[in-house]
Amino acid sequence: MLALHVLASGSSGNAAVIENTATGAGVLIDCGICKRDFLNRCDEAGFDPGRIQAMFVTHEHGDHVKGLGVVLRGLAKIGNVPPVFAAGACTANSSALAKVAEAFDVRELVAGPDAVEAAGMRIVPFATSHDAAASFGFRIEDAADGDAVGYLTDSGIVTAQAHAALRDVRILALESNHDPKMLAAGPYPYIIKRRIASNSGHLSNGQAAAELGMLVTESRTAGLRLPQTVVAMHVSQNNNDYSLARRSLEAALGDAGCCAETLCGYQARLTTAR
C-alpha cells in the first residue's frame, strides 16, 4: 500500500513524499521548502528521508524547487544521492535546477506512458497546463499490488492525459487553488488575477469539484476503483479558505454518491493520507 505525505502545499513552498509502506522506501515530488522543515515533517510522518530513491519535479517555479539543492546536499551527507527527474526545459529555465544539475544526477522527464521505476513503484508523468517551461502531474502505482495515487497541482485546466491518469486511484491529490469570488475581490494586481484564473494558471474549487465528480462517475461506470481519500492541494492563503476547498470537494463527492475522506494539504504543516 502507498501513503501520501504532503510536507507543504501552497505558493510559499511545496513538497510531498509517496511512501511504499511495505518497504519504507519512497519518492519525493518537488522540494520548495527549507531543509529544516523538510526533515522535521519527514520525522513527523515517520518517514526516513534516507529512503528516498528518486525525486520528481513538477515544474521549475521557485515554490517547487528552491529547496532542492540544500536537501540533496543534506541527503548526500548521509550517503543517499537519489536521481532527480526534471524536464530539460525546466532545468534550462531555472538557476536552482541548473545548479542541482551541475552537482547531482538529473535525468530527463517526459510525459507519456513510460514509467520511471523507483522504490517499488511505477511513476508515470503526464502533462499539465501551467505557465512554466514544462509541467507535470504524476500517477504513482505500487508495483506489487496495484495501489495507486494520483497527483495533480499547478494546472489551469485538467488535460486529457491528466484526466485519464487520475482515474482508478485510491488516493487523489487534486489542486483546489482559489475561490473565484475571493480572487476577484482580493489584493492581487489584475494581471496576476488573470494569470491564476487562466487555462495555464491554477484550478479553482469549482474546477476541482467538477473534475472529481467526473472521475467518480466515470470510474463507477467502468468498474474502476473510487477514491478513498481526496486531498485539496495548493490552496491559496489569499484567495481561498481551507474549509471552502474541502466543502467543495465534499459536495462533489456527495453528488456522485461517493463517501471518500477529504483532507487539505497545508502550507505549514503535515498532512498524511494512507
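# Exercises on a predicted model

T153 is buried, with a relative accessible area of 4%. Here buried means under 20% relative accessible area, exposed over 50%, and partly exposed in between (1.4 Å probe, protein chains only). The structure is a predicted model, in which local features need pLDDT of at least 70 and side-chain atom pairs count only at pLDDT 80 or more, while totals for chains, interfaces and linings use all residues. Residues are numbered from 1 along each chain as its sequence is written, and side-chain values use heavy atoms, with hydrogens and water left out.

## Exercise 1

Determine where T153 is placed and which residues T153 touches.

Solution.
- Step 1. T153 belongs to the loop between strand 10 (148-152) and helix 6. Helices (H or I, at least four residues) and strands (E, at least two) are DSSP runs, numbered from the N terminus.
- Step 2. Not counting residues up to four places away in sequence, T153 touches H64, T128, E175 and M233. Contact means heavy atoms within 4.5 Å.
- Step 3. The side chains of T153 and D154 make a polar contact of 2.9 Å. A polar contact is a pair of N or O atoms within 3.5 Å; within protein, one must be able to donate a hydrogen and the other to accept it, and residues adjacent in sequence count only if both atoms are side-chain atoms.
- Step 4. D154 is found in the loop between strand 10 and helix 6, and D154 is buried at a relative accessible area of 2%. Its phi is positive, about 55°, although D154 is not a glycine.

## Exercise 2

Describe the backbone angle phi of D30 and state whether D30 is buried or exposed.

Solution.
- Step 1. D30 is not a glycine, yet it has a positive phi of about 65°.
- Step 2. The position of D30 is in strand 3 (residues 25-31).
- Step 3. With a relative accessible area of 3%, D30 is buried.

## Exercise 3

Which residues touch the most other members of the largest nonpolar core?

Solution.
- Step 1. A nonpolar core is a set of buried Ala, Val, Leu, Ile, Met, Phe, Trp, Tyr and Cys residues joined through side-chain atoms within 4.5 Å.
- Step 2. The largest such core has 56 residues, and L4 and I140 touch the most other members.
- Step 3. Apart from it lies another core, of 27 residues, among them A148, L172, A232 and A260.
- Step 4. Leaving out residues up to four places away in sequence, the residues that I140 touches include L2, I18, I29 and Y151.
- Step 5. E141 lies in strand 9. Its side chain is joined to that of R139 by a polar contact of 2.6 Å.

## Exercise 4

Compare the span of helix 9 with its expected span, and find what its buried residues pack against.

Solution.
- Step 1. The expected span of a helix is 1.5 Å times one less than its number of residues.
- Step 2. Helix 9 (residues 205-222) has 18 residues and reaches 26 Å from its first C-alpha to its last, close to the 26 Å expected.
- Step 3. The buried residues of helix 9 include N205, A208, L212 and V216.
- Step 4. These buried residues pack against helix 6 (160-165), strand 11 (171-175), strand 12 (229-233) and helix 10 (242-255).
- Step 5. Just after helix 9, G223 takes a positive phi of about 75°.

## Exercise 5

How many aromatic pairs are there, and why is the pair of Y242 and Y266 classed as it is?

Solution.
- Step 1. Rings of Phe, Tyr and Trp (its six-membered ring) pair if their centres lie within 6.5 Å; planes under 30 degrees apart count as stacked, over 60 as edge-to-face and the rest as tilted.
- Step 2. By this rule there are 3 aromatic pairs.
- Step 3. The ring centres of Y242 and Y266 are 4.5 Å apart and the planes stand at 55°, so the pair is tilted.
- Step 4. Y242 lies in helix 10 and Y266 in the loop between strand 13 (261-264) and strand 14 (271-273), so the pair ties together parts that are 24 residues apart in sequence.
- Step 5. Y242 is partly exposed at 21% relative accessible area, whereas Y266 is buried at 15%.
- Step 6. R269 lies over the face of Y266, at 3.7 Å from the ring centre. A charge sits over a ring if NZ of Lys or CZ of Arg is within 6 Å of the ring centre and within 35 degrees of the ring normal.
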